[in-house]
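Please open the model in a viewer and follow the stops below in order. Each stop names a selection and then describes what is found there.

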Amino acid sequence: MKHALAIIALDQLTKEWALDALVDGPIEVVGSLRWNLGFNSGTAFSFGEGRGGLISLIGLVAVLVLLAGVVRWPCTLPKVAAGLVVGGALGNLLDRFSRGPGLLDGAVV
């Protein structure tokens, strides 16, 4: 799962960059494309906002199920794909753990 570790590191580095670079407002990239700093305490599109603990628990279970299933696959591609998904999920769980008032209640950058 070295891919997951690389994704977690990249995820956290880009979030730290965003917290530093975007605190004073958005950055215009090209045309109307802008990078904005945002926080999400829900799922995609802020659904389930305020239910970070439940969302985190579901995410953790999904990661464990994915890891348990992919170790049996003989080929590399599913393992790489699972590493990318697991890395992203664990990066978000780290945000929820470290950026909130309670255990796993934080918002994802």
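Begin by selecting helix 2, where Gly 52, Ile 55, Ser 56, Val 63 and Val 70 are buried (under 20% relative accessible area, with a 1.4 Å probe and protein chains only; exposed is over 50%, and partly exposed lies in between). These residues cover an arc of only 100 degrees around the axis, which puts them on the same side of helix 2; the arc is that of the directions from the helix axis to the C-beta atoms. Turn to the other side of helix 2 to find Ile 58, Leu 64 and Val 65 exposed. The cover over the buried residues of helix 2 includes helix 3.

A note on the basis of this tour: the model is predicted, local features need pLDDT of at least 70, side-chain atom pairs count only at pLDDT 80 or more, and totals for chains, interfaces and linings use all residues. Residues are numbered from 1 along each chain as its sequence is written, and side-chain values use heavy atoms, with hydrogens and water left out.

Next, zoom out to the whole protein, which comprises three helices and two strands (DSSP runs numbered from the N terminus: helices are H or I with at least four residues, strands E with at least two). Their pattern along the sequence is α-β-β-α-α. The C-alpha trace spans about 45 × 35 × 20 Å along its principal axes. Of the 109 residues in the protein, 24% are buried.

Now select residues 2-21, which form helix 1. Its 20 residues reach 28 Å from the first C-alpha to the last, close to the 28 Å expected at 1.5 Å a residue (the expected span is 1.5 Å times one less than the number of residues). Within helix 1, the buried residues are Ala 4, Ile 8, Asp 11, Gln 12, Lys 15 and Ala 18. Seen down the axis, they fall within an arc of 125 degrees, so they line one face of helix 1. Lys 2, Leu 5, Leu 13 and Asp 20 are exposed on the other side of helix 1.

Finally, centre the view on Asp 11 in helix 1. How buried is Asp 11? Its relative accessible area is 15%. The side chain of Asp 11 makes a polar contact with the side chain of Lys 15 at 3.0 Å (a pair of N or O atoms within 3.5 Å; within protein, one must be able to donate a hydrogen and the other to accept it, and residues adjacent in sequence count only if both atoms are side-chain atoms). Leaving aside neighbours within four places in sequence, Asp 11 is in contact (heavy atoms within 4.5 Å) with Gly 91 and Asn 92.
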